[in-house]
Amino acid sequence: MFRLAKALKRNGVLGINARNARYILEYNERRNYPLVDDKALTKQVALKHNVAVPDLYGMIEIQRQVATLPDILAGHDDFVIKPANGSQGEGILVITGKTEGLYRKVDGALVTDEDLKFLVTNILSGIYSLGGQPDKALIEYRVKFDPVFEDIAYRGVPDVRIIIFKGVPVMAMVRLPTRMSDGKANLHRGCIGAGIDIATGYTLTAVWKNTIVTEHPDTGNPVSGVEIPQWSRLLKIASGAYEMTNLGYQGIDLVLDKERGPLLLELNARPGLNIQIANREGLQARLDKIEAYTGPLDTIAERVAFARGNFASRAIS
Amino acid sequence: MNKKHLYILCGLLVLVGITATIYRELVLEFPLTPNETTPTWRIETRLEIEAKGNPVRISMMLPSSQPGLTLYNESYVSPGYGLATSAPTDNRQAIFTKRAASGTQILYYSAVLHRSLTRDAAPKVRPPKIRPSRFNDIQMAAARQVIGRIELESADTDSFVRLLFAQLKDPRPGGPEQLLLQAARTRAEVGVKIMTVAGMAARVVNGIALNPDRRRAKLVRWVEIYDEDSWRAFDTDSNEFRAPPAHLPWWRGTSPLTSIQGGRLIHTEIAVRRVFIDSLQSTVGKQKQAQSKFVEFSVFGLPLQTQEVYRLLLTVPIGIFLLVILRNVVGMRTFGTFMPVLIALAFRETQLLWGAILFTSVVAIGLLVRFYLEQLKLLLVPRLASVVIVVILVMTVISIISHKLGFDRGLSVALFPIVILAMTIERMTVIWDEKGPKEALIQATGSFLVAVLCYLVMNLDIVRHWVFVFPESLLLVLAATLALGRYSGYRLVELPRFRVLAGKD
């Protein structure tokens, strides 16, 4: 057991305690948290910094407004309902179409107006929010993902997660929904995580439930060596999130929309550590490198250049 | 900087905690382990009285605490009698009274006596008033004769007393001593009478020997002489200036142990038994008797019922510390941060097996109700409130049924923290819906296991003893908890999780 801990340490694997004590508590000021925890605020800040986000169709803040839900949905065939303060993808409902007054979910099942209202009511009461605080429900644009992912994503929207430290992109992965993850891009729900080489933007090996895979379990297509389109832009948007929130250590979730290009989905002040498994590399060495670096890292260009120069993949075999 | 600050704080807490604990252990003699025993005696007095339907008044001399000997846990068994004790001035007395009593009356008095190893000096007292004893004329003349002769032969009080008792012990046939010895029952009493005539302050002491086991202890008498600000004991048997070894002075003066009005004493019995009682109990009793400020300003100074609450409450930090380790070092997941500790507290009353059965059944029934409520699509707060109400009803029904079936343990279900149970049920259904029944059951089992672990640790005799007797030691727990606040090592569950990243060697 101690040998295992030692080996992990040697490979620079970051644990939850170390992440919390040395990075989140040290570099993230609590007063900046609402910017990332509240997705409505994140959207505003992103727009202020000229970063594209999925359009907000409407927002429901109090129980009385729930009755207006059909009006908000009237003009849209497809949309997403999500809690503003949700965590780990809980409480998100994706509707892909309408038929005869019913709404079709990603998996094809139909739901009624009443079901949607109940979901919104639950969101408002705060079951999905951090700490059970009363919450808001957002109704927003449903992302149509880039065709590059057509072969390697099952139903849901694949998203790109980039962790930045002091504005420097440290590590990245793309999360590919599977049948098991119910179309959701969430690693512990069984979606695939594929590491991305920061330097080149090509996917590395992929993990699926703690095992290494090379093909998508549902579609059978290879998931390694796929080029992520517009990689430079994604890195720049991620790096720019530092100016948006002033959080030293954060995770940026981006999606690639077929028509609108990269969109900022959400920010995360406590990004998960599974990204290390997807990249088969520990975070520690990269973080240490940034902390030790004394040169200028003030502009987005400088930070992205630093990342691309220093963080080429060195996967643990 | 932050880290240094934390370490200094932890260091200070440890220092204060250890110092206070050591002080309590060494100076105040609180025992380190739960079952250390100290020499202690239990004294029991049994009075048998024949009453004839008249008002009865029985007074009995009571022993009192004195240097080197502490008396506590006094109790009286006197059915139907009114009881009053006189304030501890010279002699304490218990007075039992009854309006009408007939037949054989039995009264008990018992107390626990603790002998400390430290020898305190006899307290200084003001000189008592000397009341010369009454002798008849012949006896008075004899006494003066004895005093006159001894005064010639003695140099000071010491030698006077020694000579007097030497002569009383071995009286010349036909001499004045022999005449005087007929005036009272014991040598001690005669000696005291003569000394008061000689203008000395002296008194008789009645006591019993503290032998390991004496079903019928005999009353022994010795003498105390006032000399240079304090009373000095004199053993008339050995003719030495000391109290007879291992004796309890019971009362002073020549009055009998009991005096009875309205009845006839049939039998008195004094039993002395050596007991090995909890050293803690005797230390606390002793300190309380001494009215030590440290006992007054500690948990032991509180009313008994409140003490019981703290006995329970003070183990909570231990459970919470364990929880911190299980969550941050091991990485177990539980419903609600401190829920397992509260459940563990309830287990203390229900016992583990019953606690497990009751906990599982309440949660299971609550879950069923909650799943049913899901269909009604209720708002969160009314839904939670309904679950709370259902939980209370379920608990009531369980109590009633188990009582009817004769399992009285089932009654203790009432001690479960209701709101915590309701929150657990709510969290569990949400996780059940969101992440599947497997995850929900894993977390429920995790919470339950942590609760059991907390219960086992919080219920260790040594733990319960330490936190209650040495609450300062909780400062060490606080220091350790604070230090864990900066623990940045791996959690145990992360090791298998990141196993693929361990590399080849």
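Tutor: Start with burial. Buried means under 20% relative accessible area, exposed over 50%, and partly exposed in between (1.4 Å probe, protein chains only). A:R175, with 8% relative accessibility, therefore counts as buried. Two notes on reading. This is a predicted model, where local features need pLDDT of at least 70, side-chain atom pairs count only at pLDDT 80 or more, and totals for chains, interfaces and linings use all residues. Residues are numbered from 1 along each chain as its sequence is written, chains are lettered from A and ligands numbered from 1 in the order in which they are written, and side-chain values use heavy atoms, with hydrogens and water left out.

Student: Which residue meets the side chain of A:R175 in a salt bridge?

Tutor: General idea: side chains of opposite charge can pair when their charged atoms come close. The cut-off: a salt bridge is a side-chain nitrogen of Lys or Arg within 4 Å of a carboxyl oxygen of Asp or Glu. Here A:R175 pairs with A:D159 at 3.0 Å, N to O. The two are 16 residues apart, with A:R175 in strand β8 (residues 168–176) and A:D159 in strand β7 (residues 159–165) of chain A. Helices (H or I, at least four residues) and strands (E, at least two) are DSSP runs, numbered from the N terminus. A:D159 counts as buried because its relative accessibility is 5%.

Student: Which residues are linked with A:D159 in a network of salt bridges?

Tutor: The network links A:D159, A:R161, A:R175 and A:D253. In it, A:D253 and A:R161 meet at 2.6 Å, N to O. That pair joins strand β12 to strand β7 of chain A, 92 residues apart. Both A:D253 and A:R161 are buried.

Student: How many salt bridges are there over all chains?

Tutor: A search of the whole structure finds 27. One of them joins A:R260 and A:D55 at 3.5 Å, N to O. A:R260 sits in the loop between β12 (249–257) and β13 (261–268) of chain A, and A:D55 in the loop between α4 (39–48) and β1 (56–60), so the pair ties together parts 205 residues apart in sequence. A:R260 has 34% relative accessibility, so it counts as partly exposed. A:D55 is partly exposed too, at 37%.

Student: Is A:D78 buried or exposed?

Tutor: A:D78 counts as buried, because its relative accessibility is 14%. Its place is the loop between α5 (69–73) and β2 (79–83) of chain A.

Student: Which side chain joins that of A:D78 in a polar contact of 3.1 Å?

Tutor: A polar contact is a pair of N or O atoms within 3.5 Å; within protein, one must be able to donate a hydrogen and the other to accept it, and residues adjacent in sequence count only if both atoms are side-chain atoms. The side chain of A:D78 has such a contact with that of A:R142. Another, also 3.1 Å, goes to the side chain of A:K144.

Student: Now strands. In what sense do β9(A) and β10(A) pair?

Tutor: Two strands pair if DSSP finds at least two bridges between them. Strand β9 (residues 192–196) and strand β10 (residues 203–208) of chain A pair in the antiparallel sense over 3 bridges. A:A194 has A:A206 as its bridge partner. The two strands form a hairpin with 6 residues between them, and A:G201 in the turn has a positive phi of about 85°.

Student: Which residue of β11(A) stands opposite A:A206?

Tutor: That is A:V213. β10(A) and strand β11 (residues 211–213) are antiparallel, over 3 bridges. Their hairpin has 2 residues between the strands, and A:K209 takes a positive phi near 50°.
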